[in-house]
Amino acid sequence: MEFEFGGQAANDLIDGDTLKLSWTDGDLTPDPSRIPLPQGMTKFPVSGGIWIGTKGSILKPYTVRPFVMPESSFPAEKYPKGFGRQDHYHDWVDAILQNGKSCADFAHAARLTETVLLGTLAEHAPGQWLEWDRSSMTVPHRPELNAHIKRPYRNGWQVEGLG
C-alpha cells in the first residue's frame, strides 16, 4: 500500500514536496535490491520500519537498535550508547504516573491511526488512487466510500459532536 503526504507533512525535514510511505504486511517484504541489509543480517526482520533518504536509509527492527546504511557512510561508533530498553506501553503508564506526556500521545497516535485506517478504507477501492480530505474526513472524489468512515449511533447513544 502506498501513501503520499503533502502540505503540512512536506516540510524542511524532507527532500521535495511530498513524503511517500509504503506499507507492507504479512509475507510481503521490501525489495532487497533497493534496500541493503546490515552486515550479519540475511533477511528483513518480521517487524520494523525502513526510512529511505537521499543519502542513505535507516532500518529499525522491532526491539533492536536502528541500523543506518550504508554502514560505510555512517560508522557504527556514532550510534549513541547507554539507552535503556524502551517500549511505548511502559512509557504511557510512566506518563500517567508522573503526570507527564507520553512519547506516543494521542495527538501523535490519532494521526497514525488515521493513516492506518485509510489503508483499510483503500481496500474497498483496490488499485485506485484515493485523496483524503483531512479537514472534512472524507474522500471527496469517491463519496460512496464515505459511508465506511462514520456510522450513525443508535438512539440513546449519540454524543454531541460525534457521528
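Which helix gives the largest share of the nonpolar patch? Helix 1, residues 88–97, does, with four residues. Keep in mind that this is a predicted model.

**Stop 1: the patch.** Select Trp92, Val93, Ile96, Leu97 and Phe106 and show their side chains: together they make a nonpolar patch on the surface, with about 590 Å² of accessible area. Now pick out Ile96, which sits in helix 1. Ile96 counts as exposed because its relative accessibility is 52%, and the cut-off for exposed is over 50%.

**Stop 2: Glu114.** Move on to helix 2, residues 106–122, and click on Glu114. Buried or exposed? Glu114 has 18% relative accessibility, so it counts as buried; the limit is under 20%. Show what surrounds this residue: setting aside neighbours within four places in sequence, Glu114 is in contact with Trp132, Arg134 and Met137.

**Stop 3: the salt bridges.** There are two salt bridges to look at. Arg134 itself is partly exposed, at 38% relative accessibility.

For the other, select Arg142 and Glu144, where the closest N and O atoms are 2.4 Å apart. Colour the two by accessibility: Arg142 comes out as buried at 16%, while Glu144 is partly exposed at 44%.

Technical notes
Residues numbered from 1 in each chain as written. Predicted model: local features only at pLDDT ≥ 70, side-chain atom pairs only at ≥ 80, totals over all residues. Heavy atoms only, no water. Patch = residues over 30% accessible without salt bridge, like charges linked within 9 Å, V, L, I, M, F, W, Y side chains within 5 Å. Areas by Shrake-Rupley, 256 points an atom, 1.4 Å probe, with all protein chains shown as cover. Salt bridge = Lys/Arg side-chain N within 4 Å of Asp/Glu carboxyl O. Helix = DSSP H or I, 4+ residues; strand = E, 2+ residues; numbered from the N terminus. Buried < 20%, exposed > 50% of the residue type's maximum accessible area, 1.4 Å probe, protein only. Contact = heavy atoms within 4.5 Å.
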